[in-house]
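Let's take a walk through this structure together, one contact at a time. Keep the view open beside you as you read.

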Amino acid sequence: MEIWQNIYANFDVVAFNVFGFKVHWYGIMYAIALILALFLAKFFVKKFNLNIEEKHLDNYFIWVELGVILGARLGYILIYDSNTLYYLTNPWQIFNPFDINGEFVGIRGMSYHGAIVGFLLATFLFCKKYKQRLWLYLDVVALSVPLAYVFGRVGNFLNQELFGRVTDVAWGIYVDGILRHPSQLYEAFLEGIVVFIIVYLLKLKQSFEGELIVAYAAAYSLARFICEFYREPDFGIGFVAFGLSMGQILSLLMFVGALIFYTFLKKIKVF
């Protein structure tokens, strides 16, 4: 266990350099996640004979990726970043990948819940523009995203960020000399693999369009809520209320929203 516990001391977050630009493992994992999500979406569209043309699916993923990046970055700045006012008054700095010394550091600070808002807005605009079935596309996303999401959390682990809380468990990871839960890997398992199994099993007996995306939202919210008990609260925010972190508060709101949508969609039964 000693090698595992001290993995950060012997691991470089930078995979390699290209013309002076540092390529981080997180970026590689993110790219793999995107490619895998698109591959899985095409696989499930064919497997379940869904009425979506491949050209529309490819175009949709471009829209969604832009929405996710914008939403995730803006969400982080508005919810978590301590320099919110600076970014709002200097918006060109929001996506500036260089630090004050001109060194390329990439874009840091993304919010999952902000990404959700960006994703939903992009999906709505895409379906309205191309006259596609909104809930059908959302259900495809519910099937294709969870397994891809695993690589995103592994990327967080390799990038040595989003640390877990202090612990004494044998599988803990030393961070600056302090043993912590590898909470990123807990999230990869619960929010990725377990959520996928739930959504996939539900697909086998799906009764209305939109059921999968709502189930995904509910399952993810619960998984995230549980994982937050092992994840260090966000710096500068800490515990918000009742001993809960901001991530848990947002997850509870997301869960309630999912229940409301489930009741509504089950009543109108779109198919």
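Helices (H or I, at least four residues) and strands (E, at least two) are DSSP runs, numbered from the N terminus.

A word on what you are looking at: this is a predicted model, in which local features need pLDDT of at least 70 and side-chain atom pairs count only at pLDDT 80 or more, while totals for chains, interfaces and linings use all residues. Residues are numbered from 1 along each chain as its sequence is written, and side-chain values use heavy atoms, with hydrogens and water left out.

Now look for a second bridge, between Glu191 and Arg153, with the closest N and O atoms 3.5 Å apart. Glu191 is in helix α7 (residues 183-203) and Arg153 in helix α6, so the two connect parts that are 38 residues apart in sequence. Glu191 is buried, at a relative accessible area of 0%, and Arg153 is buried too, at 6%.

What surrounds Arg153, apart from its neighbours within four places in sequence? Its contacts (heavy atoms within 4.5 Å) are Leu162, Gln184, Glu187, Ala188, Glu191, Tyr220, Arg224 and Arg231. An unreviewed UniProt entry places the feature "binding site" at Arg153. UniProt positions are given in the numbering used here, feature names are shortened, and annotations may be inferred rather than shown by experiment.

Helix α6 (residues 134-158) packs against helix α8 (residues 211-227) at an angle of about 30°, with their axes 6 Å apart. That makes α6 roughly parallel to α8, since angles under 35 degrees count as roughly parallel, over 145 as roughly antiparallel, 65 to 115 as roughly perpendicular and the rest as oblique. Axes are lines fitted to C-alpha atoms, for helices over the stretch in contact, and angles run from 0 to 180 degrees between N-to-C directions. On the α6 side, the residues that meet α8 include Trp135, Leu138, Tyr149 and Arg153, and among their α8 partners are Ile213, Tyr216, Tyr220 and Arg224.

Elsewhere, Asp58 forms a salt bridge with Lys42, the closest N and O atoms being 2.9 Å apart. Asp58 sits in helix α3 (residues 54-79) and Lys42 in helix α2 (residues 25-47), so they tie together parts that are 16 residues apart in sequence. Asp58 is partly exposed, with a relative accessible area of 29%, and Lys42 is partly exposed at 24%. The structure holds 11 salt bridges.

Finally, the unreviewed UniProt entry annotates several stretches as "transmembrane region", including residues 110-127 and 185-202. Residues 185-202 are 100% helix and 0% strand, with end C-alpha atoms 25 Å apart.

Methods
Salt bridge = Lys/Arg side-chain N within 4 Å of Asp/Glu carboxyl O. Buried < 20%, exposed > 50% of the residue type's maximum accessible area, 1.4 Å probe, protein only.
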